Amino acid sequence: MKFSDKIFHAVYILFSAIFLFGIYCNTLSSPFLFDDLINIVNNQNLKIDRFGLKEIGNIFAEENPCQNRPLAYVSFAWNFSLGKLDPWGYHIFNIVVHVLNCLLLYLFLLQTIHSSWMQDAYRQQGRWLACFAALAWAAHPIQTNAVTYIVQRMTSLAAFFGLLSLVLWMKGRSWWIEEHRKGAGIFFGLAMTSWGAGLLCKENIAILPILIVVHENLLVRDSGCAVRWRWVWTAVLSAGAMCFLYLGKEPVGFLAAAYGQRDFTITERLMTESRVLWHYLSLFFRPEASRFCLLYEYEISQGIFKPITTMASLLGWLIVCWLALFYRRRKIIVIWCVLWFFVAHSVESSFIPLEVIYEHRMYVPSIAITFASVILAYDLCMRLHIRSHIYGLIGGFILCLLASSTYIRNMDYTHAVHFYTSELSKSPGSKRVRLNLAISLIRCGAVNAGGSMLQRLEKDYPEDVHVLQSLHNYVVYELGNEDRAEEIFRQIERVLRPKGCVLKKDTFALWNLAVYYQERGQYGRTLFLLDRMPSELDCEGVRLLRERCLFVGNRVNEAAGGIRTDPPEKALKIP
């Protein structure tokens with residue numbers, strides 16, 4: 001590497017770090033929000049005082065909220081060991097990972113340009129195109145949920161190991177072409193190891209082998225569009241094996257049980273996702289800060305024409321695929337972008353029964369859109385004979401617009417009440433946003449305002465267990481009204497008794513109520529609530545609390561003659 005190249009890379013690394021830290025500097029004190037509370041704040045497994053091998057082992061001694069993502073949880077535990085629940089350290093970690101992803105993406109795109117048919121067309125401007133694409137990707141406000149929303153470190157950390165795998169793969173590939181077989185084997189092995197580490201952060205990176213096949217056969221191929229089918233099948237089988245590993249031995253039964261906890265069917269989800277993908281694209285090409293959201297209330301497609309945009313979106317994707325095939329020889333990067341986009345969404349935006357929409361799912365797919373957009377824009381500038389300094393100024397202006405939009409969007413995260421108020425303005429009818437806003441108001445001292453919202457929610461959703469449990473907490477801890485609390489429990493009891501079980505989303509509401517009544521010696525109510533929790537969540541904490549209630553309850557019955565019994569120990573908190 002030339003000395004001038006080393007200087008260029010050093011300056012780029014320094015600029016990227018300063019630029020991205022500047023964009024996200026207003027998030028360092030942003031509080032834990034939404035799923036942060038379940039996965040971090042209330043996760044007792046992560047609360048260690050010293051970060052050592054023994055302590056890391058203890059993190060997974062009991063059931064974890066998400067056992068399939070141990071590396072991400074270890075990183076949360078490390079943050080806790082350093083600064084407890086001060087969000088500052090968690091945000092610093094997330095921003096550092098995002099900066100590293102930007103640098104890895106730059107290396108990957110630079111390797112792609114220098115190792116493919118693109119070298120002849122973009123040799124002189126290759127590193128500038130790679131620089132701009134990586135910075136534009138990192139500065140885009142669609143990445144805020146993966147960076148500012150602390151728990152979605154799972155997404156950015158999985159992407160880090162995925163990008164590292166791609167960089168190592170490209171390096172091994174170049175050594176293989178140069179017939180350095182041993183060195184190539186080492187890099188390929190490191191790439192596989194990094195992919196495995198990514199799988200331990202989040203399952204969506206299982207599609208990496210297929211992305212490599214798409215990349216190999218379109219951007220870094222020698223000539224033509226021939227497909228190496230042995231590589232395709234190897235990649236598909238590898239990714240498929242990872243998916244079935246997570247779905248378990250009976251994937252059909254797993255999916256059926258999971259969809260039983262959702263308010264949509266597999267067909268409805270697939271139709272809805274066709275519209276969601278267009279929404280993601282609209283956010284990418286129209287990145288106004290006010291359009292971005294975390295807690296969507298997205299309309300489910302109940303049929304091809306319900307809503308009519310379902311049919312329009314399906315036809316739109318058919319047209320996109322046809323155009324990509326039609327221009328596959330003149331603009332190979334278009335079909336590469338389309339395939340990368342669909343493959344990268346194939347886990348979280350397909351048949352798997354996850355929530356319908358989250359913006360952090362664009363973290364990896366947006367790589368292709370950004371790079372393709374930069375290359376196509378450069379080609380247009382060349383065709384129009386625009387001078388290099390002009391499109392350089394245009395690029396700088398675009399980066400400033402993206403950075404300002406991201407900074408403004410991040411301002412929504414600075415306070416919980418501000419955040420949920422902003423979310424409510426985008427989804428006025430959202431029950432979960434209203435509920436979270438009410439709880440946040442109570443926690444920040446606006447007790448009357450929060451209580452009023454909870455009472456309105458009770459009227460609107462009289463059979464929602466989560467709403468009733470939150471109102472129960474407010475009545476007990478803020479008002480001290482035991483009679484009203486008794487009425488609310490009777491209401492919860494009427495809701496739960498005929499159902500036999502509740503939705504998974506209500507599990508923590510039931511757990512909190514069970515702990516409350518166990519601590520007050522009302523073991524019958526505790527057992528009633530525990531028995532209504534979903535069977536798949538019968539973890540050690542639940543079993544332990546049930547055993548204590550049964551044991552102490554029997555002792556109380558035996559002591560009916562007036563013999564005093566010791567109360568049970570305080571229940572362990574559920575992860």
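Visitor: How much space lies in the second largest cavity?
Guide: About 40 Å³. Keep in mind that this is a predicted model.

Visitor: OK, and which residues line that second largest cavity?
Guide: The lining is made up of Thr155, Asn204, Ala344, Glu348, His360, Arg361, Tyr363, Val364 and Pro365. By class, four of the lining residues are nonpolar, three are polar and two are charged.

Visitor: How many cavities of 30 Å³ or more does the structure hold?
Guide: Three. The largest cavity has about 60 Å³ of space.

Visitor: What lines the largest one?
Guide: Ala159, Gly162, Leu163, Leu166, Ile205, Leu208, Leu211, Trp340, Val364 and Ile367. Two elements, helix H9 (153–177) and helix H11 (208–218), each give two or more residues to that lining. H9 gives the most, with four residues.

Visitor: And how does the largest cavity's lining split by class?
Guide: Nine nonpolar residues, one polar and no charged ones.

Visitor: Switching topic: where is threonine 310 found?
Guide: In helix H15, which covers residues 309–326.

Visitor: Is threonine 310 buried or exposed?
Guide: Threonine 310 counts as buried because its relative accessible area is 0%, and the cut-off for buried is under 20%.

Visitor: What does its side chain make a polar contact with?
Guide: The side chain of serine 301, at 2.8 Å. Leaving out residues up to four places away in sequence, threonine 310 touches Met271, Ser274, Arg275, Ser301, Gly303 and Ile304.

How values were computed
Residues numbered from 1 in each chain as written. Predicted model: local features only at pLDDT ≥ 70, side-chain atom pairs only at ≥ 80, totals over all residues. Heavy atoms only, no water. 1 Å grid on protein atoms, 1.4 Å probe; cavity = no way out; pocket = protein on both sides within 12 Å on 5 of 7 lines; lining within 4 Å. Points joined across faces, edges and corners; volume = space filled by probe spheres on them. Nonpolar A, V, L, I, M, F, W, Y, C, P; charged D, E, K, R; others polar. Buried < 20%, exposed > 50% of the residue type's maximum accessible area, 1.4 Å probe, protein only. Polar contact = N/O pair within 3.5 Å; in protein donor to acceptor, adjacent residues only side chain to side chain. Contact = heavy atoms within 4.5 Å.
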